[in-house]
Amino acid sequence: FENAGDESSVAVFRSPELGTNGVVAAQRVSAAASQHGKQWPNPGGIRKVVVTRPGRLVTLDEIRDVLSKHFVRDDEKWSVTFGRNAQPFHIDERISGPITIKRAHLQPTSGAFRAVVTVENAPHPIKDKTFTGRAFPSVEAIVPTRVIERGATLTKDDVQIVDLPRSRVSSSAIEDVEAAV
């Protein structure tokens, strides 16, 4: 409220989650003002107040990139897939630092990992987030985009390049799209 004086730092409602909006009925806003000795006559006849709490979205792609770089050994390219419950999350928009890996454990035989991500030296605290999934050395491989019948003529649209686990790609695999076509 404008001109709240000594009461200006008193919280009257819980803020919405980072990166989301919350809606408060105008009657509740008026009642909260009254509890703190302030009157809000609501001259515009407002029925609801929308509160926006800005946040910076940390995407799964951003986390995947940080994890794949974390697991790299000997300049190999690594691919990361997340478990089913992986979700992007919001942090305070004033935090501009990069996402970092606080702890990570990788099982070398299965590629299963568990990693805790954070933002180091953040001016505002954030909760650590835990992610699980699989990480593996990968190579680019040419694969078909559709079922290809024997004797069919191939075009560039019939193949695509994807990252596959290195262990699943033959050393004699064709590496050039033009050569595959």
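## Burial and overall form

Buried residues account for 27% of the 181 residues in the chain, where buried means under 20% relative accessible area, exposed over 50%, and partly exposed in between (1.4 Å probe, protein chains only). This is a predicted model, in which local features need pLDDT of at least 70 and side-chain atom pairs count only at pLDDT 80 or more, while totals for chains, interfaces and linings use all residues. Residues are numbered from 1 along each chain as its sequence is written, and side-chain values use heavy atoms, with hydrogens and water left out.

The chain contains 3 helices and 9 strands; helices (H or I, at least four residues) and strands (E, at least two) are DSSP runs, numbered from the N terminus. Starting at the N terminus, the order of elements is β-α-β-β-α-β-β-β-β-β-β-α. The chain has a radius of gyration of 26 Å, well over the 16 Å that the globule rule gives for 181 residues, so it is more spread out than a compact globule. Here the radius is taken over C-alpha atoms, and the rule is 2.2 Å times the number of residues to the power 0.38. The C-alpha trace spans about 80 × 40 × 25 Å along its principal axes. Of the contacts (heavy atoms within 4.5 Å) between residues at least 6 apart in sequence, 57% join residues at least 24 apart.

## Helix α2 and its surroundings

Helix α2 (residues 60-71) consists of 12 residues and reaches 16 Å from its first C-alpha to its last, close to the 16 Å expected at 1.5 Å a residue. The expected span is 1.5 Å times one less than the number of residues. Within α2, the residues Ile-63, Val-66, Leu-67, Ser-68 and Phe-71 are buried. These buried residues pack against β3 (55-58), β4 (77-82), β5, β6, β7 (112-119) and β8 (129-144).

Thr-100 lies in strand β6 (residues 99-106) and counts as buried because its relative accessibility is 18%. Leaving aside neighbours within four places in sequence, Thr-100 is in contact with Val-66, Val-116, Val-117, Thr-118, Val-119 and Glu-120.

Val-159 belongs to strand β9 (residues 159-165); with 12% relative accessibility, Val-159 counts as buried. Not counting residues up to four places away in sequence, Val-159 touches Ile-142, Val-143, Pro-144, Thr-145, Val-177 and Val-181.

## Pockets

The largest pocket holds about 370 Å³ of space. A pocket is defined on a 1 Å grid over the protein atoms alone, as an open set of points where a 1.4 Å probe fits, with protein on both sides within 12 Å along at least five of seven lines; lining residues have an atom within 4 Å of a point. Grid points are joined across faces, edges and corners, and a volume is the space filled by probe spheres set on the points. Of the 17 lining residues, Glu-17, Leu-18, His-90, Lys-127 and Lys-129 are the closest to the centre of the largest pocket. Strand β5 (residues 89-92) gives the largest share of this lining, 4 residues. The lining has 8 nonpolar, 3 polar and 6 charged residues; Ala, Val, Leu, Ile, Met, Phe, Trp, Tyr, Cys and Pro count as nonpolar, Asp, Glu, Lys and Arg as charged, and the others, Gly among them, as polar.

The second largest pocket has a volume of about 260 Å³. Among its 12 lining residues, those closest to its centre are Val-12, Phe-13, Val-24, Val-49 and Val-51. Strands β1 (20-25) and β2 (48-53) each supply at least two residues of this lining, and β1 gives the most, with 3 residues. By class, the lining of the second largest pocket has 9 nonpolar, 2 polar and 1 charged residues.
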